[in-house]
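Student: Could we go through this model term by term, setting each value against the definition behind it?

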Amino acid sequence: MFRQYRSTSKYGDAGDGREMGLKRQRVMDQGSSYYSTPSASNFLYNPPAYSYVNQPPAFPVVRLRGLPFDCLETDIIEFFHGLDIVDILFIHKHGKFAGEAFCVLGYAFQVEYALQKNRQNIGKRYVEVFRSDRQEYYKGICHVVSDSYVARPRSPRRSLPKRDPAKDKAPHTGVIRLRGLPFTANRDDIVDFFKGFVLLEDSVYFMVNSEGKVTGEAYVKFESAEDSKAAMMEDGTCIGNRYIELFPASLEEWEEAVSKGRRNVPKPPEEDTTVLRMRGLPYSAGKDDILDFFKEFTLSEDSIHMTYNSEGRSTGEAFVEFANLDDSKAALAKDRMTLGSRYIELFMSSHEEMRDPVLRR
C-alpha cells in the first residue's frame, strides 16, 4: 500500500522521488493509457556545490545498463551504498530481463553521487550509470505495464519463483518473515496486508542494515501458530505492485528481529520540512560542534536533538530544526562536508521521525 506524498513544486520535472510510489501504482492500475506520448562502504563521494534555493531540483532518477542477469534489488542497494533508494524498476524486453534498470533516489542532489558509480562493478560486470528523467522513467513503467497486460489479466497475485518445498514442511511458531516489501512500506501496510488477523502494537518489526535503512524484510508475530499458518495463504499477494514472499520463522529469529529491527518505518515527510537529519557524527561531538558546523544559520541548542542508544551512548546521528524552509534547503549544500575528521551526511527529515522513540532509544 503506497502512501500519497504531495509535491509542492511548480516545475514539470521538479520534485524528489518520494511521490513516486503513488504515481507508479496509478500507472500499474490504469495501464499504459495513463501515459500518453552491507558492510560499511569505502566509496567516498565528491559532491559538487549544490543549492536548492535558486533552482528547482530535477526528478531524482538514474538509469543503469549492463547489470548481471541474476541481479537483485539488494545488489543495487549495495551498489548505491549510502544513498536513499525509493524505487528500483527492472526493464524486461520480450519477457526477458534486459540488464537495465531505473533507480529513483530520495533527493535530487543524490543523483550526482550515483553518477560517480559509473563503470564500477556489480559482481564481475561493470555497470554504466546514466542521468535520466521523469519521462524516461515513466516510459519504462509503461513497458512493464504493457508486457504484464499482454502476458496475463490483472491480478493481485503474481507468479512466484519456484516454491521451496521446505517452506511447506517448516514448523509454525506464530512468526512469519516477509520478503520483498516496498521500501516505503510501514506498519499500517502490514496490518492491512494481514487484515482479518489481530496484530498487537509490538508484533511487527522491520529489518534494517548497518546504516539503519530498511532491507525489504520484516517479521510479524501472530497470536497463535494456527493464525500464522493461516496467514501463509497470503504468500505471493501484492503490496502495491510488489509481490510479497512469506516464510515460517522461528522464535529465535523473532528475538533477533526485536533486538535489531524497528517497530515501524517513519513515513517520508509529506511535504518539505525544516528538519534535517545528520549522520556520521563523531561520537564525541556535542551541540556546540553542530552549531559551529551550521554557523551560517541561526540555531540554538534547543533546535538540536542528539540521539542515543539504549546504553546512553551517541549513535552518531542528530536532528536539527531550522528557522525556515529556505534555511533547511540551503543547509543541504553542506552534505558530505567534514566535522573533525568525519564527513557528515545530511537528509531531509520530519518532526515525526525526530520524535520516533525507536530512533532515539
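**Terms and the values behind them**

Student: Why is Phe222 called buried?

Tutor: The relative accessibility of Phe222 is 6%, and buried means under 20% relative accessible area, exposed over 50% and partly exposed in between, with a 1.4 Å probe and protein chains only; Phe222 therefore counts as buried. Phe197, at 22%, counts as partly exposed.

Student: What should I keep in mind about the origin of these values?

Tutor: This is a predicted model, in which local features need pLDDT of at least 70 and side-chain atom pairs count only at pLDDT 80 or more, while totals for chains, interfaces and linings use all residues. Residues are numbered from 1 along each chain as its sequence is written, and side-chain values use heavy atoms, with hydrogens and water left out.

Student: How do you know how confident the predictor is in the protein chain, and where does pLDDT stay under 50?

Tutor: The predictor's confidence in each residue is its pLDDT, on a scale from 0 to 100; the chain has a mean of 77, and 73% of its residues reach 70 or more. The value stays under 50 over residues 18-23, for which the model has 22 contacts (heavy atoms within 4.5 Å) beyond four places in sequence. It also stays under 50 over residues 357-361, with 19 such contacts. Where pLDDT is low, the predicted coordinates should not be read in detail.

Student: What makes the ring pair of Phe197 and Phe222 edge-to-face?

Tutor: The whole structure holds 14 aromatic pairs. For Phe197 and Phe222, the centres are 5.6 Å apart and the planes stand at 80°. Rings of Phe, Tyr and Trp (its six-membered ring) pair if their centres lie within 6.5 Å, and planes under 30 degrees apart count as stacked, over 60 as edge-to-face and the rest as tilted, so both values place this pair in the edge-to-face class. Phe197 belongs to the loop between helix H6 (187-193) and strand E7 (204-208), and Phe222 to the loop between strand E8 (214-221) and helix H7 (225-231), so the pair ties together parts 25 residues apart in sequence. Elsewhere, Phe59, Phe102, Tyr137 and Tyr138 form one aromatic cluster.

Student: What makes a set of residues a nonpolar core, and which residues have the most contacts inside the largest one?

Tutor: A nonpolar core is a set of buried Ala, Val, Leu, Ile, Met, Phe, Trp, Tyr and Cys residues joined through side-chain atoms within 4.5 Å. The largest has 65 residues, and those with the most contacts inside it are Leu67, Phe80, Leu178, Phe194 and Phe294. A second, separate core of 10 residues includes Val86, Ile91, Phe102 and Tyr137.

Student: How do you know that the charged end of Arg63 sits over the ring of Phe130?

Tutor: A charge sits over a ring if NZ of Lys or CZ of Arg is within 6 Å of the ring centre and within 35 degrees of the ring normal. The charged end of Arg63 is 4.8 Å from the centre of the Phe130 ring, and that of Lys334 is 5.1 Å from the centre of the Phe293 ring, so both distances fall within the 6 Å limit.

Student: Why is Glu128 called buried?

Tutor: Its relative accessible area is 18%, so Glu128 is buried. Glu128 is in strand E5 (residues 125-131), where strands are DSSP runs (E, at least two residues), helices are runs of H or I of at least four, and both are numbered from the N terminus. Beyond four places in sequence, Glu128 touches Arg63, Leu64, Arg65, Asn118 and Arg119.

Student: What makes the phi of Arg119 worth noting?

Tutor: Its phi is positive, about 70°, although Arg119 is not a glycine. Most residues other than glycine have a negative phi. Arg119 lies in the loop between helix H3 (110-115) and strand E4 (120-122), and its relative accessible area of 49% makes it partly exposed.
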